[in-house]
Amino acid sequence: MAAAKSNTNWFVIGVSAAVVVVLAVLALVVVNLNNQATAPGPAPKSAIVNDKTGAISFGSGEDTIDTYVDFMCPVCGQFEDAYGEQLQGAAADDKITLNIHPISILDRASQGTEFSTRAANSMYCVATEAPDAALDYFNLLFTNQPEENTAGLADDQLIELAKQAGAAGAADCITDGTYSRFVATRTEETPTDPATGRFGTPTVAINGDRIDNSEIATEFAKILG
């Protein structure tokens, strides 16, 4: 009888230990899955991309102008209509360094297709696969900008625009959403408005200082003439 009790006790201890091990393994799996979900994902590797800030850079002027844009944002489209040619021309002449930051704040406005994230990802894909085509592709995205609250452009359409710009090699990257998590992380790090603590698009910083949208024309005039 004593032996039976001893065997039963060892059995219970063994089962308890096994349960502890299983729970520990499950906890480790959950932690790993959570880490994977929140990890920034692979960073674009390109001579024109800063893999820490997400800036896609053009020109090498002393003054820097950073623009944070969402490719579905209508005000961003208006900003590019008003200042895009001037900024890109100044960058081409090395009067400024133009840093473009593709971000995604309007996924909610694309009928569940997450167009803002897909378009920003595609911009990094092109900048990585064909840096010389990046600015042309950027302009094509705004020339073909979809309206808010539509499904946006499909991946096939983004790929076609990339081909038009000279970046056919970006197709798989666009389809796979290679830099989608990178886009999400960069979006979270967009400079906020000091007055409200919020951010939107377009957001503009000059020499590292975020400026109010009402001051854009005045501040650009000081640098660009």
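1. First, a term you'll need: two residues are in contact when heavy atoms of theirs lie within 4.5 Å. With that in hand, look at the contacts in the chain between residues at least 6 apart in sequence: 74% of them join residues at least 24 apart.

2. A word on what you're looking at. This is a predicted model, where local features need pLDDT of at least 70 and side-chain atom pairs count only at pLDDT 80 or more, while totals for chains, interfaces and linings use all residues. Residues are numbered from 1 along each chain as its sequence is written, and side-chain values use heavy atoms, leaving out hydrogens and water.

3. On to the layout. The chain has 8 helices and 5 strands (DSSP runs numbered from the N terminus: H or I of at least four residues for helices, E of at least two for strands). Starting at the N terminus, the order reads α-β-β-α-β-α-α-α-α-α-β-β-α.

4. How much of the chain is tucked away? Of its 225 residues, 41% are buried (under 20% relative accessible area with a 1.4 Å probe, protein chains only; over 50% is exposed, and in between is partly exposed).

5. Now the cysteines. A search of the whole structure turns up 1 disulfide (cysteine sulfur atoms within 2.5 Å). Cys125 and Cys173 make this link, with their sulfur atoms 2.0 Å apart. Cys125 sits in helix H3 (residues 115-129) and Cys173 in helix H6 (residues 171-176), so the bond ties together parts 48 residues apart in sequence.

6. Are these two cysteines buried or exposed? Cys125 is buried at 0% relative accessibility, and Cys173 is buried at 8%.
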